[in-house]
Amino acid sequence: MPQSTNIIRPSSYTALEFFAGIGLARAGMTEAGIQTIWANDYDPSKKAMYANQWGAEEYLLSDIHKVSGESIPTADIAWSSSPCTDLSLAGNRVGLRGGPESSAFFGFTRALQEMKDRKPNVVVLENVVGLASSNKGADLRAAALEFNKLGYAVDCIILDTLRFLPQSRPRLFMVGALHPLDGGTIESILRPKKVSWIHDDLSINSFLAPFDEPPHLLPGGLTDSIIENIAASDHRWWSTDRVNSFVNSMSETQRRRLETYVQQPTTTARTAYRRTRDGIPVWEMRAEDIAGCLRTARGGSSKQAVVVMGYQELKIRWMTGTEYARLMGAGWFNLSGFRESQIQYGFGDAVSVPTVNWVTNNLILPNLSSSRPVEYAKLPAN
């Protein structure tokens with residue numbers, strides 16, 4: 001009888017996590033079967049949270065500009081969630097090169113260049129959507145050309161965490177591949193004009209990754225899946241005077257909406273931001289059962305309050321660290337021993353786990369498979 005053959009899949013892929021923060025990119029890639037073997041960030045507070053969850057053996061605490069590519073281990077993937085302060089609407093939009101933090105992107109690509117022929121087959125840049133319009137698109141083009149110089153063709157999408165979790169958090173993902181799997185269509189909701197133009201720019205080496213659209217519907221809202229059940233006697237609930245001040249600052253439309261929820265025989269939760277309107281501080285509550293984008297105080301945004309209404313009761317408090325973690329798809333994260341402000345800072349600066357997982361499965365793994373030949377092994381005859 002002739003021998004049969006069996007496909008042996010490549011061994012587990014490995015990843016480098018630049019600007020690792022607390023390790024949520026690692027979490028999303030781990031869910032897709034990828035092992036992170038090296039991580040880097042310069043923030044001791046984030047490293048402490050990372051170590052508490054993952055251990056810190058492979059974590060290099062250092063400014064990216066001081067990291068030598070020759071010292072970085074060989075891996076299949078390089079993930080970069082580079083700082084976005086200078087690119088976001090909350091910053092001064094200085095730009096990719098001009099800002100002291102966002103220019104760290106070029107420290108990342110310099111390190112890749114120093115890896116020479118060991119550089120990863122696929123690289124990812126994750127950043128705020130502001131990168132697409134920063135300096136009238138010049139920064140996005142600069143990032144694409146920087147990847148091109150290293151031999152990577154690029155694709156670019158915008159993906160919102162809202163497709164997976166009740167948080168509005170759109171992010172830009174630029175994927176570079178040494179051996180790209182082309183064949184997708186530019187007509188995708190994930191490729192709006194603000195990023196799809198790179199495929200029409202003849203100076204940019206780009207490709208169109210084929211993928212199925214992610215889900216459009218939320219698996220569960222803020223009220224049912226995120227909000228902690230905290231006892232009414234807990235000290236974190238605001239005092240009556242503070243609650244009254246909150247309500248009195250709202251517009252008439254906002255107050256009517258709040259009162260409707262208070263009167264209902266069900267519990268409803270919403271998030272609220274403090275804004276300044278015509279020089280006057282006011283509170284505004286979201287109409288939808290979703291949270292606004294989690295941010296940090298250093299990003300220029302105030303914290304979100306949680307408003308719980310129903311059964312003739314109204315309770316308000318600040319969003320907890322556990323709720324931050326859940327909104328990033330990491331409700332399992334070990335938060336013990338950390339202050340609420342530290343937790344909120346770590347998660348507010350991170351990338352959500354399910355978006356990383358989707359990007360990994362749809363944009364990273366197919367391009368890794370195209371770069372590594374499938375091996376065939378003969379099995380013994382029966």
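This is a predicted model: local features need pLDDT of at least 70, side-chain atom pairs count only at pLDDT 80 or more; totals for chains, interfaces and linings use all residues.
R275 is placed over the face of Y273, at 4.6 Å from the ring centre.

## The second largest pocket

The second largest pocket has a volume of about 220 Å³. Its lining is made up of 15 residues, and those nearest the centre are E228, N229, T267, V308 and K315. Helix 6 (222-225), strand 11 and strand 12 are the elements that each give two or more residues to this lining, with strand 11 supplying the largest share, three residues. Sorted by class, the lining holds seven nonpolar, four polar and four charged residues.

## Aromatic pairs

The model contains 18 aromatic pairs. In one of them, the ring centres of F18 and F108 are 4.8 Å apart and the planes meet at 65 degrees, so the pair counts as edge-to-face. This pair links distant parts of the chain, with F18 in strand 2 (residues 14-18) and F108 in helix 3 (residues 104-114), 90 residues apart. F18 is buried because its relative accessibility is 0%, and F108, also with a relative accessible area of 0%, is buried.

W238 and F246 form another edge-to-face pair, with 6.2 Å from centre to centre and 65 degrees between the planes; both W238 and F246 are buried. Ring pairs also link F18, W38, F105, F106, F108, F147 and Y152 into a cluster.

Key: Residues are numbered from 1 along each chain as its sequence is written. Side-chain values use heavy atoms; hydrogens and water are left out. On a 1 Å grid over the protein atoms alone, a cavity is a set of points where a 1.4 Å probe fits but cannot get out, and a pocket is an open set with protein on both sides within 12 Å along at least five of seven lines; lining residues have an atom within 4 Å of a point. Grid points are joined across faces, edges and corners, and a volume is the space filled by probe spheres set on the points. Helices (H or I, at least four residues) and strands (E, at least two) are DSSP runs, numbered from the N terminus. Ala, Val, Leu, Ile, Met, Phe, Trp, Tyr, Cys and Pro count as nonpolar, Asp, Glu, Lys and Arg as charged, and the others, Gly among them, as polar. Rings of Phe, Tyr and Trp (its six-membered ring) pair if their centres lie within 6.5 Å; planes under 30 degrees apart count as stacked, over 60 as edge-to-face and the rest as tilted. Buried means under 20% relative accessible area, exposed over 50%, partly exposed in between (1.4 Å probe, protein chains only). A charge sits over a ring if NZ of Lys or CZ of Arg is within 6 Å of the ring centre and within 35 degrees of the ring normal.
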